[in-house]
Amino acid sequence: MAYFYNFPNTLYKFGNEESLTSFQDLSVYVDVIDQIKDDINFYSDYTIPDGDRPDTVSHKIYGTPFYYWAFYLLNENIKIQGWPLSNENVVARAQKDFPNTTVTTTQDLTGIFLPGQIVAGSTSGATGTIIKRRLDFGQLIVEGSHDFVANEIITSTVDDIIQTTTLSAASEEYNAVHHYENASGQYVDIDPAVGNSALNTEITYLDRHITSNDNLKSIKIIKPNALNSVISAFNAAMRS
């Protein structure tokens, strides 16, 4: 079954075109799926295997690739966020979303190392421009990929005054700390002058991407023995 087959046509004006075009009305909504979402008689839980596409999952469950659309209607999270990525592609997405370099210090950064300043590493020789600061973690985000190293001194010169600080850590932005969690999984604050407690777990940007992607893999599916009755009801509602 093609998902869009039963959508009614409507006249629609595209862009600056003078004439109207007959086009399927994609704004039509049918609540048949909503009615079965919480009815255990119609659905079961399913975990999407790594790398499987919607059509692949449909074929595994229903013997045909053409019922992929039901996964999106039954699961609000993948309808909004999209189908889960493969584990390999999750890393690539994190690298794309957070392509810069994060350097960390336990020293006070009040009034120094501001966005727009150029910093240079005394040991690595790396240089880059600060684009963001996260003072609650003692972090400076430097534009682009650079080879700053832990324990080196970085400097920046403003109005002939040299600013310096010693790095406690340096990493790719996607591997940098996003936040810390306690044993209960709750966000916790740290003192950037002291650093993290051994009782807390650091959560990186990549960790967050992985967790979010893994959550997308847990979906509801229409039970194979209920599929025909649900589709019949869906088609009837679309045509009414």
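**A tour of the cores and the pocket**

Select Y62, F71 and I222 to begin: these residues have the most contacts inside the largest nonpolar core, which has 22 residues. A nonpolar core here is a set of buried Ala, Val, Leu, Ile, Met, Phe, Trp, Tyr and Cys residues joined through side-chain atoms within 4.5 Å, buried meaning under 20% relative accessible area with a 1.4 Å probe, protein chains only. The model is predicted: local features need pLDDT of at least 70, side-chain atom pairs count only at pLDDT 80 or more, and totals for chains, interfaces and linings use all residues. Residues are numbered from 1 along each chain as its sequence is written, and side-chain values use heavy atoms, without hydrogens and water.

Next, colour the elements that give this core two or more residues: strand 3 (43-47), helix 2 (54-62), helix 3 (69-74), strand 14 (218-222) and helix 7 (227-239). Helix 3 gives the largest share, five residues. Helices (H or I, at least four residues) and strands (E, at least two) are DSSP runs, numbered from the N terminus.

Apart from this core lies another, of 11 residues, including V103, F113, V119 and V142.

Now go to the largest pocket by selecting T104, S168, A169, V177 and Y180, the closest to its centre of the 19 lining residues. Strand 4 (101-104), strand 10 (169-172) and strand 11 (177-181) each supply at least two residues of the lining. The largest share, three residues, comes from strand 10.

Methods. 1 Å grid on protein atoms, 1.4 Å probe; cavity = no way out; pocket = protein on both sides within 12 Å on 5 of 7 lines; lining within 4 Å. Buried < 20%, exposed > 50% of the residue type's maximum accessible area, 1.4 Å probe, protein only.
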